[in-house]
Amino acid sequence: MVQYLPRLDAAFAALSDPTRRGILERLGAGDASVSDLAASFDMTLTGVKKHVRVLEQAGLVTTKKIGRVRQCRLGPRRLDAETAWIANYQQMLEERLDSLGEFLERTKGSES
Amino acid sequence: MSASLKEPAAGVQIGKAGEREIRIERIFNAPRERVWRAFTDPKLVAQWWGRGREMTIERMEVERGGHWRFIVPSPHGPQGFEGRFREVSPPSRIVWTFEWDGMPGYVAVETVVFEELGDGRTRLVTTSLFHTIEERDGALSSGMAEGVADSYAALDRLLATRAAP
């Protein structure tokens, strides 16, 4: 178990960033090249590469150079897309409840 | 976007009842009837569910077995969310399933409980239970189980940090 700890820390840090969670979700739907990712997240190649490197170090993503294209896929841990999805879900839900709170404040007294 | 709430009509509490459960409690400065309406009237839902983004409610049949489907714009294109109502018990309880188009097959069951606090405020308790594909396929090998434990350990840490003030 102990040998997992550094990796868990890395995974945790990797998952703390919304773009990286987005990348994991995207890869959950299928492998993608760095430039695919750059296009779907509207980021520079350099920016995406940085994120991919963090994910790779955490063991959440593996990459492979095929010709001039760097292909990314989830792994080696199979279930990380789900973890990312749950983490993302949690964040969405919290934001949604923030939004509900703001809505209720905003509309106070204006309903019949 | 997701500005965190500065003044809290909401206390956030994140606990964990099961390995695959996320529980969030909030207290809203509004009577239960209003909170219930905000959740069940599509015209009102459209004003907050999209987290500040203009969303489309394609379907919302608030009754047992009824479908719901919402489209929310995002920087990566429109995102679809959908599910079915499993229970609608006004004004205290809703259970619905929740799926995101981006992760088809990953289903969460959300239970929302509306508790009147008696002072014009309402406590909302949201419990989300995740059903995994692995579970449904019955393919939970021991190696996979380890992976699950690993994943959830990472998730726990993530949630614990978020819960910290």
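**Entry 1. Confidence.** I began with the predictor's own scores. The complex carries an ipTM of 0.71 and a pTM of 0.61. For chain B the mean pLDDT is 76, and 65% of the residues score at least 70. Residues 1-19 are one of them, with 35 contacts beyond four places in sequence in the model. Residues 134-146 are another, with seven such contacts. Where pLDDT is low, the predicted coordinates should not be read in detail. I therefore set both stretches aside for detailed reading.

**Entry 2. Chain B, overall.** I counted four helices and eight strands in chain B. Along the sequence these follow the pattern β-β-α-α-β-β-β-β-β-β-α-α. Of the 165 residues of chain B, 22% count as buried. I also checked the range of the contacts: among those in chain B between residues at least 6 apart in sequence, 28% join residues at least 24 apart.

**Entry 3. A hairpin in chain B.** I turned next to strand 3 of chain B, residues 56-60, and strand 4 of chain B, residues 67-72. The two run antiparallel and are joined by four bridges. They form a hairpin with six residues between them. In the turn, B:Gly65 has a positive phi of about 85°. Which residue of strand 4 is the bridge partner of B:Met60? I found B:Trp68 in that place.

**Entry 4. The sheet of chain A.** In chain A, three strands form an open, antiparallel sheet in the order 1-3-2. Strand 1 (32-33) and strand 2 (61-66) are its edge strands, each pairing on one side only. Between strand 2 and strand 3 (residues 69-74) of chain A I noted six bridges, in the antiparallel sense. A:Lys65 has A:Arg70 of strand 3 as its bridge partner.

**Entry 5. Helices across that sheet.** Helix 2 of chain A, residues 18-28, lies across strands 1, 2 and 3 of chain A and runs at about 90° to strand 3. Helix 4 of chain A, residues 45-57, lies across strands 2 and 3, at about 120° to strand 2. I looked up which residues of helix 2 are buried; they are A:Arg20, A:Arg21, A:Gly22, A:Ile23, A:Leu24, A:Arg26 and A:Leu27. After helix 2 comes A:Gly30, with a positive phi near 155°.

**Entry 6. Nonpolar cores.** Which members of the largest nonpolar core touch the most other members? Of its 22 residues, these are A:Leu100, A:Leu104, B:Val35, B:Ala38 and B:Phe39. Helix 5 (80-106) of chain A supplies at least two residues of this core, as does each of strand 2 (21-28), helix 1 (32-40), strand 4 and strand 6 (93-100) of chain B. Leaving out residues up to four places away in sequence, B:Val35 touches A:Leu104 in chain A, and B:Phe28, B:Ala30, B:Phe114, B:Thr122 and B:Leu124 in chain B.

Definitions and conventions. Residues numbered from 1 in each chain as written. Chains lettered and ligands numbered in written order. Predicted model: local features only at pLDDT ≥ 70, side-chain atom pairs only at ≥ 80, totals over all residues. Pairing = 2+ DSSP bridges. Contact = placed C-beta atoms within 7 Å. Axes fitted to C-alpha atoms, helices over the stretch in contact; angles between N-to-C directions. Core = buried A, V, L, I, M, F, W, Y, C linked by C-beta atoms within 7 Å. Buried ≥ 20, exposed ≤ 12 C-beta atoms within 10 Å, placed from the backbone. pLDDT = per-residue confidence, 0-100.
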